[in-house]
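User: I am new to this structure and would like a friendly walk through it. Could you take me around step by step?

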Amino acid sequence: MQKSGRLSTETQALLKACGMKINLREQRLISHVENMPIDILRVRDDDIPGLVMDGVVDLGFVGENVLVETQLERESKGQDANFSTLRRMDFGGCRLSLAVPDEMEYAAADSLEGMRLATSYPYLLERYMKEKGVNISSCMLKGSVEVAPRAGLADAICDLVSTGATLEANGLKEVEVIFKSKATLIQGTRELAPEQQQLIDKLMVRINGVIQAKE
Ligand code: PRT
Ligand code: ZN
C-alpha cells in the first residue's frame, strides 16, 4: 500500500475494518499483521504496480491512473505487465484531464494539434491522442504540472483533477476527461499456496462487505 498520500488513510481504514490488527510504525517499510499471516509493505504509489507485476508482492492497492500508466509503459518496453484486478475501491476517485489556459479556444482534441503538453502521465496521454489521431508532443513533469503553461514550458497540460480548484487557481480550464480513476486492488499472476489463496478469498468477502455496508 501507499506509505503516505491520498490513498493511505483509506487503505489503512479498510484493512482495519476487515479485522486486521496492524501497528504501522512510521519508519518501517514492512509491518506484520498481528492476527493474520500477512506482511504489509508501504512504499511510493508509483512503485506498487511494478512490485505486483514482478511478483515481489502478491497484492497491491493503487490508483488506476498509476496502474494503467505503468502497464502501458512496461508494454512499450516489452516488460511483464500482468496482473488481475480483484476489486475497484470506493475511494481515491479522480480524473485525468486535458486543461488549457482560460483564454485558449478549444473545440475538441484536434485543437491541440502540434502543441506541447506537460504531464506526469505520458503513456495515457499518448494513447488518448493516438485514438483521436492528434499529434502532440509531451513534456514529462513529475510535479507542478499546472504551472507549466504559465512558465512557458507547455501550451496545455494533462493532469489529475478532483475538485478543479488547482486548475482554476492557475488560470486553466478543464476541457476533456481522458481517464477516470479510483483506487483498485490488484493481484499478481504468481500461483499461491492454497491456504494463501483462501486467505485472499476470505479477505475479499470482508472487503466487499465493508464497501457494501457503506453504500
Ligand atoms: O509519495 P507518493 O508517490 O506515494 O504519492 P503521490 O504524491 O504520487 O500521490 P498522491 O498521494 O498525491 O496521490 C495518490 C493517488 O490519489 C493518485 O495517483 C490518484 O489515484 C489519487 N488522487 C485522487 C489524486 C487526486 N485525487 C488529486 N486531486 N492524486 C492527485 N491529485 C492532485 C492533482 O495531481 C493536482 O495537483 O491534486 C491536485 C488537483 O486537485 P483539485 O482538487 O484541486 O482538483
Ligand atoms: Zn507517486
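**A tour in questions and answers**

Analyst: Happy to. In this predicted model, five strands form an open sheet of mixed pairing, in the order E7-E6-E8-E5-E9.

User: Which strands stand at the edges of that sheet?

Analyst: An edge strand has a single partner strand, so one side of it is left without a neighbour in the sheet. In this sheet, neighbouring strands are turned by 30° against each other on average, direction ignored. The two strands at the edges are E7 (137-140) and E9 (172-181).

User: At about what angle to E7 does H4 run?

Analyst: Helix H4 lies across E5, E6 (116-119), E7, E8 and E9. Taking E7 as the reference strand, H4 runs at about 170°.

User: How many residues in the contact of H3 with H4 are charged?

Analyst: H3 brings Val68, Glu69, Leu72, Glu73 and Ser76 to the contact, while H4 brings Tyr123, Leu124 and Arg127. Sorted by class, four are nonpolar and one is polar, and the number of charged residues is three.

User: Now for the sheet of three strands: which of them stand at its edges?

Analyst: This open sheet has the order E3-E10-E4, and its pairing is antiparallel. Each edge strand has a single partner strand, so one side of it is left without a neighbour in the sheet. The twist averages 30° from one strand to the next. The edge strands are E3 (59-63) and E4 (84-88).

User: What is the bridge partner of Phe61 in E10?

Analyst: E3 pairs with E10 (residues 183-187) in the antiparallel sense, over five bridges. In E10, the partner of Phe61 is Leu185.

User: Which helix packs on this sheet, touching E3, E4 and E10?

Analyst: The helix we want spans residues 194-214, and its direction makes about 30° with that of E4. The helix touching these strands is H6.

User: Which element gives the most to the shell around ligand 1?

Analyst: Ligand 1 is surrounded by 21 residues, the closest being Gly5, Gly63, Cys94, Thr163 and Thr166. At least two residues of the shell come from each of H3 (64-76), E8 (156-161) and H5 (165-169). With three residues, the element giving the most is E8.

User: How many residues of that shell are polar?

Analyst: Sorting the shell around ligand 1 by class gives six nonpolar and five charged residues. The number of polar residues is 10.

User: What is the mean pLDDT of the protein chain?

Analyst: For the model's scores, ipTM is 0.98 and pTM is 0.97. In the protein chain, 100% of residues reach a pLDDT of 70 or more, and the mean is 97.

Conventions. Residues numbered from 1 in each chain as written. Chains lettered and ligands numbered in written order. Predicted model: local features only at pLDDT ≥ 70, side-chain atom pairs only at ≥ 80, totals over all residues. Near = placed C-beta within 6 Å. Helix = DSSP H or I, 4+ residues; strand = E, 2+ residues; numbered from the N terminus. Nonpolar A, V, L, I, M, F, W, Y, C, P; charged D, E, K, R; others polar. Pairing = 2+ DSSP bridges. Axes fitted to C-alpha atoms, helices over the stretch in contact; angles between N-to-C directions. Contact = placed C-beta atoms within 7 Å. pLDDT = per-residue confidence, 0-100.
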